[in-house]
Amino acid sequence: MIRLRIKVIDWPRRALALTDTPRPDCRDCDGVGGIPHDYGHPETGEYEGTEWETCPCWTEWHMVLLPLPRRPRWLRRRHSGRDPWGTGGYSDEPPF
């Protein structure tokens with residue numbers, strides 16, 4: 001059974017899309033939609049990455065409903081997010 005929802009996607013351009021939702025009571029993935037498998041380098045055993053195995057309770061499809069417009073240039077963020085009144089550009093007052 002497909003459980004549909006509306007979601008904002010970012011690829012290739014921001015848009016509203018209709019997507020499937022994982023089954024929340026699934027015993028295999030606990031409602032996440034997949035099972036992560038960590039793997040390491042065969043010689044050193046160091047962590048290399050994670051492979052994602054999709055659960056059968058969910059399908060990774062989406063249908064674009066409406067492309068979202070880009071922000072006008074004058075509305076885009078222009079500052080770095082630092083406090084201009086703090087020492088060195090950083091605030092030392094709580095909360096840090």
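This is a predicted model: local features need pLDDT of at least 70, side-chain atom pairs count only at pLDDT 80 or more; totals for chains, interfaces and linings use all residues.
Local features require pLDDT of at least 70, side-chain atom pairs count only at pLDDT 80 or more, and totals for chains, interfaces and linings use all residues. Residues are numbered from 1 along each chain as its sequence is written, and side-chain values use heavy atoms, with hydrogens and water left out.

Strands are DSSP runs of E, at least two residues in length, numbered from the N terminus. Two strands count as paired if DSSP finds at least two bridges between them. Three strands form an open sheet in the order β1-β2-β5, with antiparallel pairing. Its edge strands, β1 (4-9) and β5 (62-67), each pair on one side only. From one strand to the next, the twist averages 30°, with axes fitted as lines to C-alpha atoms and angles running from 0 to 180 degrees between N-to-C directions. Six bridges join β1 to β2 (residues 15-20) in the antiparallel sense. Lys 7 stands opposite Ala 17 of β2.

Strands β3 (residues 34-40) and β4 (residues 47-54) are also antiparallel, over seven bridges. Gly 34 has Thr 54 in β4 as its bridge partner. The hairpin of β3 and β4 has six residues between the strands. In this hairpin, Gly 45 takes a positive phi near 80°.

With a disulfide defined as a pair of cysteine sulfur atoms within 2.5 Å, the count is zero. Cys 26 is in no disulfide; its nearest cysteine sulfur, that of Cys 55, is 3.6 Å away. Cys 57 is buried at 12%.

Definitions and conventions: Helices (H or I, at least four residues) and strands (E, at least two) are DSSP runs, numbered from the N terminus. Buried means under 20% relative accessible area, exposed over 50%, partly exposed in between (1.4 Å probe, protein chains only).
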